[in-house]
Amino acid sequence: MKSRLLIGIITTDCHTEYQSEIMRGMISQAFKSSCDVAVLCPLDNFFIETPHKLNEKSIFKLILSDIFDGFLYDRNSLKNVKIQKYVDGLCTLSKKPVMLLDYGDHNQFETTMANDIDAFELLTDHLIDVHGCKKIYCLTGNKGVLCAEERLRGYLRSMKKHNLPIDKTYYHYGDFWITSGIELAQKILSGKLEKPDAVVCGSDILWLFPLPTHLLKAV
């Protein structure tokens, strides 16, 4: 019998700061629990399907190895629905315990979730109570994704709590990527949307990337 359990972490995009933070947390907790960790992560996130890129999914076949005792599965990080279903199938075939990260209801696997509702309520509260903002936009993630919907709920809860006016032009779905921030900035700078006092969002990628030159000139 093995003296330590081996936990497989299924994810992608480990090079990004956000994913690296998640990885550090999982690895740290595993070591505190006297478990070993093996990360199953392709180089590509399958945004573009080519024979070469799709061959990278072969790394996930290791899920069927007998060496694993269970898996932490970051399903949200896989942006290709076909790959998600492929990995789902392998996890099911493995007959090992599988825990999803920050995911909604799933008909096969259990999940653990961060409290994005309270976090976004606190962010919006801060903009209102400390900085005196009244017209606040919210940029969240993909429509239908649990963490994106919960972030929107937290924002709406704060706005309603402070009796601030709001309509559907105040909140926007995105993709947790730089394109969402640029699109919203373009709408504001072009006058399609009125300039807000602040924008509440929760993705480093959205706002830490430099804006294109033509947008910087307009600021």
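## How helices 4 and 5 cross

In this predicted model, helix 4 and helix 5 make a right-handed crossing. Helix 4 covers residues 116–129 and helix 5 covers residues 146–161; they pack at an angle of about 40 degrees, and their axes are 7 Å apart. That angle makes helix 4 oblique to helix 5.

What sits at the contact? On the helix 4 side you'll find Asp-116, Ile-117, Asp-118, Phe-120, Glu-121, Thr-124, Asp-125 and Ile-128. Helix 5 answers with a list that includes Cys-147, Glu-150, Arg-151, Arg-153, Tyr-155, Arg-157 and Lys-161. Sorted by type, the residues of this contact come out as nine charged, six nonpolar and three polar.

Now for the strands: five of them form an open sheet with parallel pairing, in the order 2-1-3-4-5. The edges belong to strand 2 (35–40) and strand 5 (110–112). Each has a single partner strand, so one side of each has no neighbour in the sheet. From one strand to the next, the twist averages 25 degrees.

Strand 2 pairs with strand 1 (residues 5–10) in the parallel sense, over six bridges. As for who bridges whom, Leu-6 has Asp-36 in strand 2 as its bridge partner.

## Helices lying across the strands

Helix 1 (residues 17–32) lies across strand 1, strand 2, strand 3 (70–73) and strand 4 (98–101). Its direction is at about 150 degrees to strand 2.

Helix 3 (residues 81–94) lies across strand 1, strand 3 and strand 4, and runs at about 160 degrees to strand 3.

How values were computed: Residues are numbered from 1 along each chain as its sequence is written. This is a predicted model: local features need pLDDT of at least 70, side-chain atom pairs count only at pLDDT 80 or more; totals for chains, interfaces and linings use all residues. Side-chain values use heavy atoms; hydrogens and water are left out. Axes are lines fitted to C-alpha atoms, for helices over the stretch in contact, and angles run from 0 to 180 degrees between N-to-C directions. Helices (H or I, at least four residues) and strands (E, at least two) are DSSP runs, numbered from the N terminus. Angles under 35 degrees count as roughly parallel, over 145 as roughly antiparallel, 65 to 115 as roughly perpendicular and the rest as oblique. A crossing is left-handed if the near helix is turned anticlockwise from the far one by less than a right angle, and right-handed if clockwise. Contact means heavy atoms within 4.5 Å. Ala, Val, Leu, Ile, Met, Phe, Trp, Tyr, Cys and Pro count as nonpolar, Asp, Glu, Lys and Arg as charged, and the others, Gly among them, as polar. Two strands pair if DSSP finds at least two bridges between them.
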